[in-house]
Amino acid sequence: MEVFLIRVLQFILAISLLVLLHEGGHFFFAKLFGVRVDKFYIFFDWKFSLFKFKPKNSDTEYGIGWLPLGGYCKIAGMIDESFDTEQMKQPVKDYEFRAKPAWQRLLIMIGGVLVNFLLALFIYSQILFWWGDTYIPVKDMTLGMKFNQEAKSYGFKDGDILIGTDIRPFKDFSADLYRDISEAHRVDIIRDGKPMSIALPGELNLLNMMKADPSFVRPLMPAKVDSVLPGTPAAEIGLAKGDKILAINGSAVDSYNEFVDQLGRRADMMAMATTPADSMKARTVVVVFGNDARTDTAQVVLTPELKLGFTVQGIADLYKPITREYGFFESIPAGIKYGFHVLASYVDDLKYIFSAEGAKSLGGFGAIGSLFPPMWDWYMFWKMTAFLSIILAFMNILPIPALDGGHVLFLLYEMITRRKPSEEFMIRAEYVGFGILILLMVVANLNDILRALGYM
């Protein structure tokens, strides 16, 4: 419960900050050009609000809504998600949005996206300034990698040390490594101390590579016990620090990765179990373990979560991370470069959404919230906030009615043709766009629910 609350608090804080600044971008340009803002809200106040106030001699009501689906800046004389058609029937007033020239209206509409994008670049720059860039170079992972069967079909072998591709050298083990492999025609490796290359088609499916179980490639982790948790099956059979898992149910275990894969097969058995006896059979395994002085064999019943009850050293324990530090002025171009890289990678990955697997991978509030760490970590909080800010900027600039990009599209049409779309058309387009957004939101959050129930 504590982990859930920490993630919820981080998610709400990040979204509140992003919505506040996004709507603040619209507000800034509206005020700059003398356009009246009737309401400025964080979250939606459908039917009622949690808090609101209107300063003396101000035209704007400020408040916090109860529905955390975003926020809005209600600009006078504009067709938006408020669907205030009565205002549009009145004569045009000089302080209204519709009374201003198209270039001013365009700046008002892109104000939110501009602020979100610049905010992300600023946060990335400050992350590099305060924390630097800490990572473990892939070429330094001397134990090599563990590959699945698809990867092995292309010529990879367990223990290969990855160096780079014909695109660029590998930096760290991240989504970028998968992306580079998926687009590469050549991967450079070291095998048994000798450099060599593996040819690839250059068009592997990135989504399938990452969603495969086991995944296409993972750092190889030794099956060497680092600690044993008290009161667990591991403690009962006498497993001790320094022991290695040698086999499970007669199948040799060459790494902790293989051990986890073997337990994953037991999970499939548990999923198909229809009786308590079936469940107990799935949980019962024979484990061979030991060290240089002894070898033991024991039959053990795993926990209901299919855990044996021991830990191994993490990547940061096996290899020494390196940190590149940035001065303040160095961090600015580095943060901008990193932000553009994140945006380009996100846009490139969007092509997978139009596949069946891609649609299933859509996530709503639960999926986004789960990206935040289970413990409060300011580094990860700001990194996630910057990432969400870039996503918010990009998604809002898409040419979909009801989004900023839809308004921008119609404004560009007006600037090119010198003709305004009719108000009736704009209202209908707003309804269509709003319906599309609601549908996407329902699908994304339904996916979250189905994943939580184990149906996806």
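Reply: Buried means under 20% relative accessible area, exposed means over 50%, and partly exposed lies in between, with a 1.4 Å probe and protein chains only. By that scale Lys146 is buried, because its relative accessible area is 3%. The model is predicted, so local features need pLDDT of at least 70 and side-chain atom pairs count only at pLDDT 80 or more, while totals for chains, interfaces and linings use all residues. Residues are numbered from 1 along each chain as its sequence is written, and side-chain values use heavy atoms, with hydrogens and water left out.

Lys146 forms a salt bridge (a side-chain nitrogen of Lys or Arg within 4 Å of a carboxyl oxygen of Asp or Glu) with Glu258, and the closest N and O atoms are 3.6 Å apart. Lys146 lies in strand S4 (residues 145-147) and Glu258 in helix H8 (residues 256-272), so the pair ties together parts 112 residues apart in sequence. Helices (H or I, at least four residues) and strands (E, at least two) are DSSP runs, numbered from the N terminus. Glu258 is also buried, at 15%. Both residues belong to a network of salt bridges that links Lys146, Lys152, Asp158, Asp254 and Glu258.

A search of the whole structure finds 21 salt bridges. Among them is Arg36 with Asp38, where the closest N and O atoms are 2.9 Å apart. Arg36 is partly exposed at 24%, whereas Asp38 is buried at 14%. Another salt bridge joins Arg186 and Asp188, with 2.8 Å between the closest N and O atoms. Arg186 is partly exposed, with a relative accessible area of 34%.
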